[in-house]
Amino acid sequence: MKFNEKKIELDAPKVMGILNMTPDSFSDGGKYLDVGGKPLLDKVLQTAEDMQQAGATFIDIGGESTRPGAESISLQEEMDRVLPVVEIIHKNLDIIISLDTSSPELILE
């Protein structure tokens, strides 16, 4: 399977690292956001590097909580959480990035 120019053989299981950029995530409780809700990019990049070194083939980034009872957010807020993270990981790591979103408007080129 090809992802952009990167070919991945899917004949064996692959590991996906998860970065939840939400303040109410069940797994990390917003530890990648500052008090204003902006991504802590140094911490995000270090975590992504750790995930890659541990064997992750993909990094999945989510900016909107889908837990039961979660408040919905605007597309702009989701973009503010996710796009800086995608940019810093893409710039610094050779890893496949996926987006966990229900917003078809969140398209990256």
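Is Val85 buried or exposed? Here are some notes on that residue and its surroundings; please keep in mind that this is a predicted model.

1. **Val85.** This residue belongs to helix α2. With a relative accessibility of 0%, Val85 counts as buried, because the cut-off for that label is under 20%. Setting aside residues up to four places away in sequence, you will find Val85 touching Leu19, Met21, Pro39, Leu41, Val44 and Ile61. Pro104 is another matter: it lies 19 residues from Val85 along the chain, and 18 Å separates the two C-alpha atoms.

2. **Val44.** Val44 is worth a look in your viewer. Beyond its neighbours within four places in sequence, Val44 is in contact with Leu19, Met21, Tyr32, Val85 and Ile89.

3. **How α1 meets α2.** Helix α2 spans residues 75-92, and its axis comes within 10 Å of the α1 axis, the two crossing at roughly 50°. That angle makes α1 oblique to α2. The crossing is right-handed. On the α1 side the contact is made by Leu41, Val44, Leu45 and Ala48, and on the α2 side by Pro84, Val85, Ile88, Ile89 and Asn92. By type, these residues divide into eight nonpolar, one polar and no charged.

4. **Ala48.** Which residues does Ala48 contact, leaving aside its neighbours within four places in sequence? They are Leu19, Ile59, Ile89 and Leu93. Ala48 sits in helix α1, which covers residues 41-53, and is buried, with a relative accessible area of 0%.

5. **The loop between β4 and α2.** Two residues here make a handy contrast. Ser65 has its place in the loop between β4 (56-62) and α2, and Glu71 is found in the loop between β4 and α2 too. Ser65 counts as buried at 16% relative accessibility, whereas Glu71 counts as exposed at 68%. The reason is in the thresholds: buried means under 20% relative accessible area, and exposed means over 50%.

6. Apart from neighbours within four places in sequence, Ser65 is in contact with Thr22, Asp24 and Ala70. Asp24 can also be compared with Glu71: the pair are 47 residues apart in sequence, with 9.7 Å between their C-alpha atoms.

7. **Glu105.** Where is Glu105 found? Look in the segment after β5, the strand at 96-100. Glu105 is exposed, with a relative accessible area of 52%, and the label applies because the threshold is over 50%. Met79 is 26 residues from Glu105 in sequence, and their C-alpha atoms are 9.8 Å apart in space.

Note on methods. Residues numbered from 1 in each chain as written. Predicted model: local features only at pLDDT ≥ 70, side-chain atom pairs only at ≥ 80, totals over all residues. Heavy atoms only, no water. Helix = DSSP H or I, 4+ residues; strand = E, 2+ residues; numbered from the N terminus. Buried < 20%, exposed > 50% of the residue type's maximum accessible area, 1.4 Å probe, protein only. Contact = heavy atoms within 4.5 Å. Axes fitted to C-alpha atoms, helices over the stretch in contact; angles between N-to-C directions. Parallel < 35°, antiparallel > 145°, perpendicular 65-115°, else oblique. Left-handed = near helix turned anticlockwise from the far one by under 90°. Nonpolar A, V, L, I, M, F, W, Y, C, P; charged D, E, K, R; others polar.
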